[in-house]
Amino acid sequence: MAERVAIVAVAQTKYAACRADVNEEELAYEAIKQVLDETGVTLSEIGSAVTCSQDFWDGRTISSMNIQHVVGAHLSHEDNISEDGLNAVYAAMAQILSGHHDLILLEAHTKESQADKSLIENAALDPIFMRQLGLDFTSAAAMQAKRYMYKYGITPEQCAKVVVRNRANARNNPLAQEPLDLTVDDVLGSRMVISPIRLLDMKPISDGACAMIMASESRAKKLTKKPVWILGAYNSYEAHYLGDRDLADCDALTQAAKKAYSMAGIGNPVKELDVAEISTEYSYQEPLWLEGLGFCDRGQGGKLVESGTVKMGGRLPLNPSGGVLAGNPNGVAGMARVIEATLQLRGEAGDRQVKRAKTALAHGYTGMCGQHQAVMILGNM
Amino acid sequence: MAKEPEYIRIAYKAPRPYDWSTGKYLGKVYAEAKENKKLVGNRCPKCQYIWLPPTPVCPKCKVDMGWDWAELPQTGTVYQYTYLVYPLWDPHYGEKWANPYPSATILLDNGTFYRHFLEEKDREKLKEGMRVQAVWKEDYNERGQGVQDILYFRTIEE
Amino acid sequence: MANRVAIVGIGQTHHTSQRNDVNQPEMVGEAVRAALADANLSIKDIESMFFGNMETFEGIFLPDHGMAAEVGAIGKPGFKVNTGGTTGGSVVVEAFSMVASGLFDVAMAIGFEKQDCGDTTAAITAAAVPNWAKGAATGAIGEFAKQALAYMKTSGAKEEHAAMVRLKADKGACRNENAHLRLGLKSIDEVMQSPYLVWPLRLMDFCPQSCGACVLILASEKKARKIHKKPVWLVDYEVVHQEPFRAGVFGDPTGEETYTQHVACEKIYKRNNITDVRKQVDLAEIYEPSNWEEMNLYEHLHFCGDGEGWKLIEKGITEIEGEFPVNCSGGVIATNPIGATPVIRVAEAALQVRGDAGEHQATRDVKTAIATALGGPNWTAMFLLKRSV
Amino acid sequence: MQMVTEKLEGMDVWLYHGQIYIPNTYSAGAVGSRFLTTLRDKGMILGMRCSKCNRVYVPARSVCTECFAQIDEWVEVGDKGTVLTYSIDYETKPVMQPVEPPVVYAVIQLDGADSGFAHMLGEVEPEKLSIGMRVQAVFKPKRERVASILDIRYFKPIS
């Protein structure tokens with residue numbers, strides 16, 4: 001890449017189980033106002049807005065109309081990405097590198113509390129062969145969990161440790177929805193929702209929004225002393241039909257990670273990355289995604305998640321923010337990972353700061369059993 | 001001619017429920033309508049335009065609107081109107097539905113544009129420029145549905 | 001700007017109201033294969049794929065996921081966009097950005113809608129703020145009815161002119177084997193006698209609900225010349241949205257509003273030194289959901305002065321054999337698979353520039369063309385295409 | 001459906017308890033239709049083989065997931081198979097689930113197929129489920145079959 005792309009400012013609302021007090025527009029504006037105030041940029045200066053929302057979650061056709069005032073889209077460019085929020089960052093990156101825009105406002109929001117999650121997810125399944133069975137993403141995820149545990153001997157205890165660590169990390173994040181002091185037994189004793197997934201193996205229903213400002217290198221240097229650079233990014237699709245792939249593996253993530261590392265010049269991710277923020281709605285996904293990300297060999301994810309490597313203070317701290325398991329909405333989750341990575345690289349992560357963080361990974365996924373995987377590498381040098 | 005094979009189609013009839021929030025800006029409109037039968041909008045500190053529905057950011061000036069409310073006149077002039085000839089499927093009602101009242105763009109007497117329905121159903125009597133006034137639901141308990149608390153705009157003689 | 005971008009592959013399905021022989025993924029796969037054949041590429045050559053679709057029209061959440069196998073997306077990067085009627089424009093913009101940025105050398109823009117799955121007008125009605133304008137229930141048709149009223153009032157156009165636009169569209173559609181409505185209209189009376197949908201819009205004044213897909217393959221300059229003998233250069237784009245709550249969404253009776261088309265076209269004309277559109281551009285494919293809107297767009301895109309749109313159609317200027325042909329393909333009023341519609345506009349403009357439009361090739365030589373998308377509350381996406389750079 | 005609103009306590013904010021309801025109908029397409037009508041008429045499960053990859057997909061579909069080839073070699077696969085994975089859904093989702101909870105979902109490798117087949121298990125005790133167990137399709141009686149994936153009632157364990 002000739003010109004570099006910078007993240008100039010980031011903001012999130014506090015994540016909450018229910019924000020009935022605001023509509024989507026007001027929720028989004030809570031985050032947007034912060035990035036505008038921080039940079040002094042006005043909405044009139046924004047050349048392009050890249051937003052991320054889903055008509056199904058908003059309950060509105062053309063859901064980007066919900067937030068077009070607060071992103072300043074009147075007589076200006078707006079694109080809406082209907083995939084996880086990390087892909088909106090990717091789209092904005094391309095717009096900047098193409099030379100068409102040098103200052104972009106990004107926004108993602110979802111109010112999960114206002115809708116029926118299972119019905120929405122069910123509508124994503126192939127209507128001829130799968131939708132009538134009444135599957136949703138959690139019942140499909142439970143099959144992925146079962147397959148993964150069976151094939152590689154991953155244990156419920158290892159998955160429970162993922163929950164304990166993430167929820168504990170969330171205690172250092174003032175915006176986290178549900179920081180909790182848990183034991184492995186608490187997790188293993190929680191209600192069985194869809195076997196083998198228990199209540200505490202899942203992320204809670206969550207409402208929230210986040211916003212970012214991105215800019216070209218030259219523009220960024222005028223707006224911030226602490227630009228964070230996007231060093232690499234890639235994403236990839238898996239097959240949709242549940243029987244078409246071995247659910248215990250995640251080839252799309254392997255592919256996305258490899259390409260993102262190669263763009264960023266990373267040979268050994270565990271050595272060269274300082275912190276990683278990954279999206280896991282269910283506890284089993286953390287070891288599985290770590291394998292996909294190449295942090296360990298296939299089947300070794302279970303050992304890695306209980307090792308010291310991924311703890312705060314370890315070689316590669318994972319999800320200092322508490323991650324999605326502590327509560328982030330669909331669609332917002334991936335952009336929130338980029339934002340948390342950015343805060344780490346700016347040294348602004350407060351009590352969850354990883355010392356001397358220079359290179360970070362953010363991961364997001366969309367769809368059933370991680371069908372669409374996206375990886376981004378960020379750096380502050 | 002070859003017989004067309006039997007093609008299967010799979011039907012779904014599943015309403016998706018939502019709990020949509022007004023938020024505080026639109027909530028103010030709901031409150032004023034219910035309590036005082038007043039129509040309110042919020043005023044842009046820069047262009048002074050009163051927006052309906054209200055918004056946190058002036059769409060045109062792109063500045064924070066603050067919390068400056070103005071009551072709007074309930075009389076105005078029909079700027080444009082149209083009416084539905086065939087019932088259309090309404091996803092919120094979940095049925096085919098033709099609003100019996102013509103839909104109009106009304107220029108309220110302060111200069112704010114507002115869309116609502118007209119009481120006058122006789123197409124011969126509809127005309128641009130006709131003067132109209134809001135008619136509210138009189139029962140307090142039936143109000144609480146925002147601008148739907150206004151039944152329609154009635155033709156007035158002046 | 002970074003890399004030059006060319007259209008090197010064009011594929012579309014035929015468009016029709018009902019496709020029982022294919023499911024949604026298979027229908028989109030048809031267009032993908034057609035584009036690959038046109039570019040003489042295999043799916044392995046496609047580095048990334050971007051999708052455009054309006055989910056509520058089919059009631060399929062994340063439809064790009066459901067069709068990963070059928071369109072060959074497995075193992076490839078991409079994502080889906082949704083910006084209402086302009087969705088197909090946004091997807092071309094995303095694919096363009098990915099190539100222009102240097103992130104990829106070859107990208108596919110895929111627009112699709114299979115409207116036999118649901119109820120389009122109902123889905124558009126769901127675009128209303130649910131706790132505000134509930135019960136308005138006239139969908140897009142009601143908005144275009146108001147636009148027609150505004151246009152009559154401000155320009156002095158008569159119903160005959162709208163009917164002429166419809167007749168011109170049908171002439172094009174009848175020559176375009178992919179078009180949906182090919183009515184074989186003989187006179188404007190047939191248009192003016194069709195029943196009202198939403199007064200004053202008649203059945204024949206408005207676009208149909210179509211099933212169809214359209215795919216473009218975009219490539220960087222270094223790849224483009226190797227892939228296709230006649231690359232068509234996508235030299236510029238602009239996307240402009242606007243707030244939806246002013247007097248009229250698609251037509252402004254006050255005459256005071258700035259339209260998104262004004263902003264989009266003025267920026268593009270300025271950047272590309274276009275001072276006289278009809279002299280410097282040879283043809284346009286525009287997104288006209290109604291015949292009245294087409295005349296409106298002539299004015300907003302500065303093909304003529306204000307209030308003169310109807311004169312262009314009266315004089316035959318925008319006919320297929322005219323001086324400045326518009327929508328030789330039959331346009332949106334003949335074919336409207338919404339997520340695909342703007343991609344079709346760009347595709348048809350590119351076919352004209354290549355001289356490959358067959359029966360509906362414009363009489364005049366087309367070196368430079370405009371394509372536009374329209375959607376949401378009068379949003380615009382606009383593209384400039386050229387034979388050489 | 002009438003508009004039902006609710007004021008939040010202590011603030012001027014209202015909730016609208018509404019819905020989006022648009023009925024949808026999906027074409028199975030030529031290949032999907034033949035798969036479904038064969039389930040209905042013959043109680044038989046059809047797959048499609050990719051001659052290039054030599055993989056058999058169930059349910060039958062028109063494109064090879066591996067190589068993107070258009071495929072049209074119909075093959076009958078067995079009604080018996082091996083459970084690749086499963087989950088037990090204890091939640092109540094009456095609008096979308098065809099049977100009462102708990103619903104046992106499974107991906108089953110049918111004999112003669114290379115891909116898994118997503119469906120439900122029945123006549124099972126949750127604690128006796130295991131990956132690798134053998135199961136067989138139980139069809140609905142012929143007069144109840146309507147050319148849908150639910151013409152197979154579920155798969156039951158066999159010894």
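Q: What share of the residues in chain C is buried?
A: A residue counts as buried if 20 or more other C-beta atoms, placed from the backbone, lie within 10 Å of its own. In chain C, buried residues make up 72% of the 389 residues. Please note that this is a predicted model, in which local features need pLDDT of at least 70 and side-chain atom pairs count only at pLDDT 80 or more, while totals for chains, interfaces and linings use all residues. Residues are numbered from 1 along each chain as its sequence is written, and chains are lettered from A in the order in which they are written.

Q: How many helices and strands are there in chain C?
A: Helices (H or I, at least four residues) and strands (E, at least two) are DSSP runs, numbered from the N terminus. Chain C contains 15 helices and 11 strands.

Q: What radius of gyration does chain C have?
A: This radius is taken over C-alpha atoms, and the globule rule is 2.2 Å times the number of residues to the power 0.38. For 389 residues, a compact globule would have a value near 21 Å, and the 19 Å of chain C agrees with this. The C-alpha trace of chain C spans about 55 × 45 × 40 Å along its principal axes.

Q: How are two packed helices described?
A: One gives the angle between their axes and the distance between the axes. Axes are lines fitted to C-alpha atoms, for helices over the stretch in contact, and angles run from 0 to 180 degrees between N-to-C directions. In chain A, helix α3 (residues 86-97) and helix α13 (residues 333-345) pack at about 65 degrees, with axes 6 Å apart. α3(A) is therefore roughly perpendicular to α13(A), a term that covers 65 to 115 degrees. On the α3(A) side the contact (C-beta atoms, placed from the backbone, within 7 Å) involves A:L86, A:A88 and A:V89, and α13(A) contributes A:G334, A:M335, A:R337 and A:V338.

Q: Which elements of chain D give two or more residues to the side that touches chain C?
A: Here 17 residues of chain D are in contact with 24 residues of chain C. The elements in question are β2 (14-20), β3 (24-27) and α1 (29-42) of chain D. The largest share, four residues, comes from β3(D).

Q: How many residues of chain A are in contact with chain C?
A: 50 residues of chain A are in contact with 50 residues of chain C.

Conventions
Angles under 35 degrees count as roughly parallel, over 145 as roughly antiparallel, 65 to 115 as roughly perpendicular and the rest as oblique. Two residues are in contact if their C-beta atoms, placed from the backbone, lie within 7 Å. A residue is buried if 20 or more other C-beta atoms lie within 10 Å of its own, exposed if 12 or fewer, and partly exposed in between; C-beta atoms are placed from the backbone.
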